[in-house]
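Student: Could you walk me through this structure, one piece at a time? I would like to ask things as we go.

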Amino acid sequence: MLSAFDAPIGTAFRPLNWHIRGAALALVLMTVNVSAQAPPSPPLQPLTVTQLEERPRADDLESTRPLSLSFSEPVPIKDVLLLLVRDSSLSIVPDVDLDGEFIGDLKNVTLRQALETVLQPLSLDYTVQDQVIRVFRRRLVTRIFDLNYVGTRRSGTRVLSTSSGVAGGAVSAIVPPGVAQAGGAGNPGIGSGTLTVVSGSSAQVSGHDESDIFGDIANGLKTVLSAEAKFNVDRKAGLLQVTDYPDRLDKVALYLDAMHARVNQQVLIGAKVIEIELREAFAAGLDWNAIFRRAGNAVSLRQSLAAAAGGVFTMGVDIRDFDALLTAFGTQGKVNVLSSPQVMAMNNEPALMRVGVQDVFFVTTSQVDATTGRLLQTTVTPTPITEGVVLSVTAQVAADGVIQLDISPSVTQRTGQAVSRLGDTVPIISVRETDTLVRVHPGETVVIAGLMQDRVATRALFRRERRITQKTDLVILLTPTLATPGRLMETTAREQERLYELQQAPAKK
């Protein structure tokens, strides 16, 4: 039989072609004469020991010539394995208890591909060491993976609700007969078999964020591992121990790598809350067409998003010069930047920004004896209240880089106080809030506007105090940016330059 070392110089080998019919095995090695006119080559000279070529790496099964295998009838797996390495420098040793047969047709495959294709359906596996291939039944192995995540479970809840006492006779509750309600002599008919209709309306939007990365990993592993697998998630140590077949462990590694790349993405969110005291000519709200014309190339509209109820709307813009935008706002009213916070948030993790004053008021609760009318106990309870800006944002980064934002801004301001009959003073709070979900590209700014408010102010005019109503519009700007290492360095350098300029600027008197 002709082998590679018997072939004359100047010939090229085609892939080996194995043709097996039944138990008959035949090896055909085809050669092609490259140059019929080439002079005869001199005989090969024996090499010294120091000139021997280095043998191929033990784990390099791709360097062998392509194989073609054709088995029309079942062949014992041990015979197939011996044929795979017959004309290579590798040796193969099957375990003694190996059984099973193979039937199929493979064309131009490497030795590695042939081994994986033949062995996997029979639940067999192999290892390579020092040019020796060992084939054995698949066995469970254990591998430990790093889970570099914070073990804290994070959760947050936000509620946006509105209600009114009377709203055109809208029915919000129907009390069936026999169900008592709070009331007295002025509330007859309760429980007498009549229906009581309570007028009013209400609307509520609530959101709940909860993150348990270790629990999500445990659920994801169940779809990847085999029925015989076992795993343990150690939250404190940040380790995952998995016992399964090697091919399944490779899938676990791919799953963890993909999840790690997505979960560890960070988004830098810059927010600006701006209040504009509108001039009389713009009492209906900001004229955004005029603002875009005034800002010129500094601001361009990227996408117009759907408007919400109550005149609130959102849109996506590209802001190249923030000062130019403020100047454009100034043409329609007095501009006041209430807050300008920044926060770094991980993918799908809620971030909370709050800038303002945490105040408190007291509520008095009295317990009275119903028989004698004597005061039994009085309790004073402090109740906290926030005046300022509270912004809740959750960012999700899609595979194409687009960022989805779940935004819940709330701006509260004390506008007065009410006095109860017991003498308690309760603050009257003006609230402007909304809840929206938008998709923007990195670096694009989300504009939430239309949060109008009537503010009553007292001004002195000709030695008299006059109460006037001032229209204000609230504009919230949110700019998410993917926090890549290059972007973080650029942001840090820009912030350092800004602080340096502030230090060098002359102090205002």
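**Overview of the chain**

Tutor: The secondary structure of the chain comes to 7 helices and 28 strands, where helices (H or I, at least four residues) and strands (E, at least two) are DSSP runs, numbered from the N terminus. This is a predicted model, in which local features need pLDDT of at least 70 and side-chain atom pairs count only at pLDDT 80 or more, while totals for chains, interfaces and linings use all residues. Residues are numbered from 1 along each chain as its sequence is written, and side-chain values use heavy atoms, with hydrogens and water left out.

Student: How much of the chain is buried?

Tutor: Of the 509 residues in the chain, 32% are buried, and buried here means under 20% relative accessible area, with exposed being over 50% and partly exposed in between (1.4 Å probe, protein chains only).

Student: And what share of the contacts comes from residues 24 or more positions apart?

Tutor: If we take the contacts in the chain with a separation of 6 or more, residues 24 or more positions apart account for 66% of them; contact means heavy atoms within 4.5 Å.

Student: OK, sheets next. What is the order of the strands in the open sheet with β6?

Tutor: That open sheet has 3 strands in the order β6-β9-β8, and the pairing is mixed; two strands pair if DSSP finds at least two bridges between them. At the edges are β6 (91–94) and β8 (124–129), each of which pairs on one side only. From one strand to the next, the twist averages 20 degrees.

Student: How many bridges join β6 to β9?

Tutor: There are 4 bridges between β6 and strand β9 (residues 132–137), and these two strands run parallel. As an example to look for, Pro94 has Val135 in β9 as its bridge partner.

Student: Which helices pack on that sheet?

Tutor: Helix α1 (residues 77–84) packs on the sheet and touches β6, β8 and β9, with its direction making about 170 degrees with that of β6. Helix α2 (residues 111–119) also packs on the sheet, touching β6, β8 and β9, and its direction makes about 150 degrees with that of β8. For these angles, axes are lines fitted to C-alpha atoms, for helices over the stretch in contact, and angles run from 0 to 180 degrees between N-to-C directions.

Student: Switching to helix pairs, at what angle do α5 and α6 cross?

Tutor: The axes of helix α5 (residues 288–295) and helix α6 (residues 322–330) cross at roughly 135 degrees and come within 9 Å. That makes α5 oblique to α6, given that angles under 35 degrees count as roughly parallel, over 145 as roughly antiparallel, 65 to 115 as roughly perpendicular and the rest as oblique.

Student: Which residues meet there?

Tutor: From α5, Trp288, Ile291, Arg294 and Ala295 meet Leu325, Thr327, Ala328 and Phe329 in α6. By class, this contact has 6 nonpolar, 1 polar and 1 charged residues, where Ala, Val, Leu, Ile, Met, Phe, Trp, Tyr, Cys and Pro count as nonpolar, Asp, Glu, Lys and Arg as charged, and the others, Gly among them, as polar.

Student: What about Pro246, where is it?

Tutor: Pro246 lies in helix α4 (residues 246–263), and Pro246 is partly exposed, with a relative accessible area of 22%. Leaving aside its neighbours within four places in sequence, Pro246 is in contact with Asp125, Arg139, Val141 and Arg143. Pro246 and Val141 are 105 residues apart in sequence, yet 6.7 Å apart in space, C-alpha to C-alpha.

Student: Now β17, is that strand mostly covered or exposed?

Tutor: Strand β17 (residues 266–278) is mostly covered, as 10 of its 13 residues are buried.

Student: Which strands is β17 joined to?

Tutor: Among them is strand β28 (residues 464–482), which runs antiparallel to β17 and is joined to it by 11 bridges, with Glu275 standing opposite Leu474 in β28. Strand β20 (residues 333–339) is also antiparallel to β17, with 6 bridges, and strand β21 (residues 342–346) is antiparallel to β17 with 5 bridges.

Student: Last one: how many residues lie between the strands in the hairpin of β22 and β23?

Tutor: That hairpin has 6 residues between the strands, and Gly373 takes a positive phi near 75 degrees. Strand β22 (residues 350–368) and strand β23 (residues 375–397) pair in the antiparallel sense over 19 bridges.
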